[in-house]
Amino acid sequence: MKKTIYLCLSVGFLFSNTSYSQKDETSLKTTYEKDFLIGTALGIEHIYEKDAKANQLIKREFNAITPENIMKSQIIHPEFNHYSFEASDKFVEFGQKNKMFIVGHTLVWHSQLPAFVSKINSADSLRLFMTEHIKAVAGRYAGKINSWDVVNEALEEDGTLRKSVFLNKLGEGYIKEAFDLAAKADPKAELYYNDYNIEQPAKRKGAIELIKKLQASGTKINGVGIQGHWSINSENLKDIEDAIVEFSQLGIKVAFTELDYTVLPNPWDLKGADVNQRFEENPKMNPYKESLPDSVQNRLAERYENLFKVFLKHKDKISRVTFWGVNDSHSWLNGWPIKNRTNYPLLFDRGFEPKKAYLSIMKLKSKPTN
Ligand code: XIL
């Protein structure tokens, strides 16, 4: 497989030499420059520039960054009166230094909450936590963060509001409150609603209702983030295209905020990205421990190619496409929803080399019509 890639790189349409990673300036971000931003999620190791190869790849290929974990309330706000801004300051500094579009992820989410929140009993205390949190975090980076995922995953699969601690204690108005607080704390940032599976019809309908309500009440909302945690084994392009069109008809931007394609079997055909769902380890569920067969590599490339064809068709509606991780070894899908697996969901392999999927996306832009 690798040989094929090197061959394409060396004799192909884009690259003039084999030592691609050192010399060639052609990259995802330059190739898609006129279409939409190309982002990646950064782990703590990337923020602190621990690995030279990863660091070089991030700077070369991507022009937008999202913090994978360090801005979640559990980490940035561990105690009621204590914030931990060291890593997030470093993250923002990294983005500024490299002139990247900086995404804040995420202000209000029912997962990865600090332990003290589970002990909160009254609506008033929870409201105080949410208010102080948004003021402190969005306020600290006002004018520096380009876009906030204000509320994350507030919907159930059937499109009704998720029965989260926020809904249960504060009522459905908490979503509007969160957006209004974010707009006040950082008037310049774009504000997004972010969720998984909202390309699917029922959940999409719920998201559209939610966004329409916010708009009708005069609340600022600039866009919707479709997470994009998908599987090479299920077809959903029509849903994705319909979602792009329907969301943009609301007058907002559409971003793909956490893109990856699992190549592994999913337990019970699980779809989505509920971080609280976990399953037992089992060798049958980890079939490509040593290497990825060419047939699967090709399938992944084909899935990415078809997806990006849809993205290009609707590039006027899409603001950003962010991959959920830098390379395969970094991906959260090695540990979720089953621990200790070897997954291959991204465009760069464990040696930071571009995979066939990368080439398939680059190739799309070599045609004169794009
Ligand atoms: C994931 C991270 O990638 C993991 O490292 C962490 O253990 C759990 O969360 N939806 C989101 C992201 O909005 O924040 C989640 O990120 C993946 C699903």
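## Exercises on a predicted model

His77 touches His82, Tyr83, Pro114, Phe116, Phe129 and His133, leaving out residues up to four places away in sequence. Keep in mind that this is a predicted model. Let's work through it together.

**Exercise 1. Where does His77 lie, is His77 buried or exposed, and which side chain does a polar contact join to that of His77?**

*Solution.* 
- Step 1: Find the place in the chain. His77 sits in the loop between α6 (73-76) and α7 (86-97).
- Step 2: Look at accessibility. The relative accessible area of His77 is 1%. Buried means under 20%, so His77 is buried.
- Step 3: Go back to the neighbours, His133 being one of those His77 touches. The side chains of His77 and His133 are joined by a polar contact of 2.9 Å.

**Exercise 2. Which helix holds Gly206, and is Gly206 buried or exposed?**

*Solution.* 
- Step 1: Gly206 belongs to helix α12 (residues 201-216).
- Step 2: Its relative accessibility is 6%, so Gly206 counts as buried.
- Step 3: Now the neighbours. Setting aside residues within four places in sequence, Gly206 is in contact with Leu155 and Gly159.
- Step 4: Gly206 and Ser147 are 59 residues apart along the chain, and 23 Å separates their C-alpha atoms.

**Exercise 3. How are α12 and α13 arranged, and which residues make the contact?**

*Solution.* 
- Step 1: The axes of α12 and helix α13 (residues 237-248) cross at roughly 10° and come within 11 Å.
- Step 2: Angles under 35 degrees count as roughly parallel, so α12 and α13 are roughly parallel to each other.
- Step 3: On the α12 side, the contact is made by Pro201, Arg204, Ala207, Ile208 and Ile211. From α13 come Asp239, Asp242, Ala243, Glu246 and Phe247.
- Step 4: Sort these residues by kind: six are nonpolar, none polar and four charged.

**Exercise 4. How do α14 and α15 pack, and what is the handedness of their crossing?**

*Solution.* 
- Step 1: Helix α14 (residues 294-313) packs with helix α15 (residues 356-364) at an angle of about 30°, and their axes are 8 Å apart.
- Step 2: That angle makes α14 roughly parallel to α15.
- Step 3: The crossing of α14 and α15 is right-handed.
- Step 4: Residues of α14 in the contact include Leu300, Tyr304 and Phe308, while those of α15 include Ala357, Ile361 and Leu364.
- Step 5: The residues of this contact of α14 with α15 divide into eight nonpolar, three polar and four charged.

Technical notes: Residues numbered from 1 in each chain as written. Predicted model: local features only at pLDDT ≥ 70, side-chain atom pairs only at ≥ 80, totals over all residues. Heavy atoms only, no water. Helix = DSSP H or I, 4+ residues; strand = E, 2+ residues; numbered from the N terminus. Buried < 20%, exposed > 50% of the residue type's maximum accessible area, 1.4 Å probe, protein only. Polar contact = N/O pair within 3.5 Å; in protein donor to acceptor, adjacent residues only side chain to side chain. Contact = heavy atoms within 4.5 Å. Axes fitted to C-alpha atoms, helices over the stretch in contact; angles between N-to-C directions. Parallel < 35°, antiparallel > 145°, perpendicular 65-115°, else oblique. Left-handed = near helix turned anticlockwise from the far one by under 90°. Nonpolar A, V, L, I, M, F, W, Y, C, P; charged D, E, K, R; others polar.
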